[in-house]
Amino acid sequence: MQHLPNQLYTAEQTRELDRITSTQHGISGATLMTRAGGAAVEAIRSFWPQAKHILIICGSGNNGGDGYEVARQALEKNYLVTVIELGNVDKMSPETLAARQAFLATGAELQPFNSTLPETDVIVDALFGTGVDRDVTGRYADVIEVINNTENTPVFSLDIPSGIHANSGKALGIAVKASATISFIGLNIGLFNGDAPNYVGKLCFDDLNVPNAVFEEISSAVRRLDFNPDLASFLAPRQRTAHKGFYGHLLIIGGDIGMSGAPRIASEAGARVGAGLISIATRYSHSAMLNLTRPEIMSHGVEEISEIEPLSQAATVITIGPGLGQAQWGQLLLNQAIETQKPLVVDADALNLLSQHPQRKDHWVLTPHPGEAGRLLGCSAKEIQANRLDAVRELHQRYGGVIVLKGVGTLIYDGRGTIYLSDYGNPGMASGGMGDALAGIIGGLIAQQFSLIDAACIGVSMHGMAADKAAEQDGERGMLAMDLMPHLRHLANLRF
């Protein structure tokens, strides 16, 4: 199994990759199907080395053809193989028909689906692949329900779990819940977005020895971020003569009455990724308390606009929104922050205020979760999640700057063509304060002269990786935003 590539493609683009491979490089669809079957059998041997009996469920499309090849090649490896056929032979492509016939030529037989599945060691899902674009119904829905209700039997999906939309990741009525999925030639965007992370399981990849020249023909729609030497090279070792003035001054604005913790989290996150100075502008009533546990942070009480102006002038970058509230105090502070023309990270309640008076700027990073994104676009969070790619494009069109659409498969977009996706992070991050930490991280990186897009991409990656390290250490449940801090410092100094 190969390292997951960074390029992510739409279903239409992966079909075009197949076409180019065949027409321009002379590698037939039948050859690719044979290679896919072999790669899948090897993955099964790797994931489940004790398995002896494999059940393959085949549909009509080329995904079903891959399934017939898995069956044939598994027989050659001395597996006990059962194939259930749901597909309509009249609708099969020549390649799928050939794969089906090659399997039958072994003397094996095809079985119908009769409401139950026989006992097996592994179930292989070869029903739909990337072509499905409407809700799954009828006997296909019935067999998926049976698959999902089969206890203690691992499920292995070919290309993508059947029922998941290859572009949006949406579960189309019902979808196979795989233990593992193998993707061929090009990774689909939908494997990382929408509902898909609940269905994909362990993801592996094989390019089927397709020439590199094929991938040069198609520009991927989305690029998956990888915190590798290229990305980490931005975090170069510091000059020996450096001082705090080299690394900027981050101002955190927020913390209305009862919400002092949010700017406190954001400020430490900015400090832990290396900002030279951190200030907080907050309510008088708790400004004196905020630096008791982190004395390196400068905390200022602000009630009047005149009091924020000297703080804003001293700052390199402003993060506004953590605990800001949506009352007049927060609105006035947001207005003043925008007027400074300094780089901004706009988060939380600052986004909710912005949705009430939309404007477009190039000097900010907006960091909405799906609910905030829905308010910014005048729709529901559900509509945002149904097509996150379109949502992040529309957010940029309306508001400009860099958009960070948070959630599983966080998307980052600055309008220049490539959408970046981060698949770091885990469900332990579903707790209060995580978004405040991210806003502080991005602000802390901008303070160090990172561009808005670089700060967003690196910041999102570091945020998710820190949470993954915290989960490895103590588990996901009960993870708090402050648990990320020691890991952020480690990642900010990571060397490859």
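**View 1. Arg-72 in helix α3 of the predicted model.** In this model, which is predicted rather than determined by experiment, Arg-72 is found in helix α3, the helix that runs over residues 62–76. Arg-72 counts as buried, because its relative accessibility is 17% and the limit for that class is under 20%. When residues up to four places away in sequence are not counted, Arg-72 touches Thr-34, Ala-102, Phe-103 and Thr-106.

**View 2. Asp-135 and the residues it reaches.** Asp-135 lies in the loop that connects β5, residues 122–126, with α5, residues 138–148. With a relative accessibility of 48%, Asp-135 counts as partly exposed. Although Asp-135 and Ala-171 are 36 residues apart along the chain, their C-alpha atoms are separated by 8.2 Å. Not counting residues up to four places away in sequence, Asp-135 touches Leu-172 and Gly-173, and the side chain of Asp-135 reaches the backbone nitrogen of Gly-173 at 3.5 Å.

**View 3. Ala-175 in the loop between β6 and β7.** The loop that holds Ala-175 runs between β6, residues 155–158, and β7, residues 180–184. Ala-175 is buried, with a relative accessible area of 1%. The C-alpha atom of Ala-175 is separated by 7.9 Å from that of Val-136, a residue 39 places apart from it along the chain. Leaving aside neighbours within four places in sequence, Ala-175 is in contact with Ile-144, Asn-148, Ser-162, Gly-163, Ile-164 and Tyr-199.

View 4. Most residues other than glycine have a negative phi. Ser-115 is found in the loop between β4, residues 110–111, and β5, whereas Ala-348 has its place in the loop between β15, residues 344–346, and α12. Ser-115 is exposed, with a relative accessible area of 51%, while Ala-348 is buried, with a relative accessible area of 16%.

**View 5. Ser-287 and its contacts.** Ser-287 is found in helix α9, which covers residues 284–287. The relative accessibility of Ser-287 is 10%, and Ser-287 therefore counts as buried. Apart from its neighbours within four places in sequence, Ser-287 is in contact with Thr-282, Ser-299, His-300 and Gly-301.

**View 6. Ile-253 and the nonpolar cores.** In soluble globular proteins, nonpolar side chains tend to be buried together. The largest nonpolar core in this model has 57 residues, and of these Ile-253 and Ile-320 touch the most other members. Not counting residues up to four places away in sequence, Ile-253 touches Ala-281, Ile-308, Ile-318, Thr-319, Ile-320, Gly-321, Pro-322, Leu-324, Leu-333 and Ala-337.

**View 7. Helix α8 crossing helix α16.** The axes of α8, residues 261–272, and α16, residues 434–447, come within 7 Å and cross at roughly 40 degrees. With that angle, α8 is oblique to α16, and the crossing in which α8 passes α16 is right-handed. On the α8 side, Ala-262, Ile-265, Ala-266, Ala-269 and Gly-270 meet Asp-436, Ala-437, Gly-440, Ile-441 and Gly-444 on the α16 side.

**View 8. Helices α11 and α12.** The axes of α11, residues 328–339, and α12, residues 349–356, come within 10 Å and cross at roughly 80 degrees. The two helices, α11 and α12, are therefore roughly perpendicular to each other. Where they meet, Gly-330, Gln-331 and Leu-334 belong to α11, and Ala-350, Leu-353 and Leu-354 belong to α12.

**View 9. Helices α13 and α15.** The axes of α13, residues 370–377, and α15, residues 388–399, come within 10 Å and cross at roughly 50 degrees. This angle makes α13 oblique to α15, and the crossing of α13 and α15 is left-handed. From α13, the contact is made by Pro-370, Ala-373, Leu-376 and Leu-377, and from α15 by Arg-388, Ala-391, Glu-394, Leu-395, Arg-398 and Tyr-399.

Note on methods. Residues numbered from 1 in each chain as written. Predicted model: local features only at pLDDT ≥ 70, side-chain atom pairs only at ≥ 80, totals over all residues. Heavy atoms only, no water. Helix = DSSP H or I, 4+ residues; strand = E, 2+ residues; numbered from the N terminus. Buried < 20%, exposed > 50% of the residue type's maximum accessible area, 1.4 Å probe, protein only. Contact = heavy atoms within 4.5 Å. Polar contact = N/O pair within 3.5 Å; in protein donor to acceptor, adjacent residues only side chain to side chain. Core = buried A, V, L, I, M, F, W, Y, C linked by side-chain atoms within 4.5 Å. Axes fitted to C-alpha atoms, helices over the stretch in contact; angles between N-to-C directions. Parallel < 35°, antiparallel > 145°, perpendicular 65-115°, else oblique. Left-handed = near helix turned anticlockwise from the far one by under 90°.
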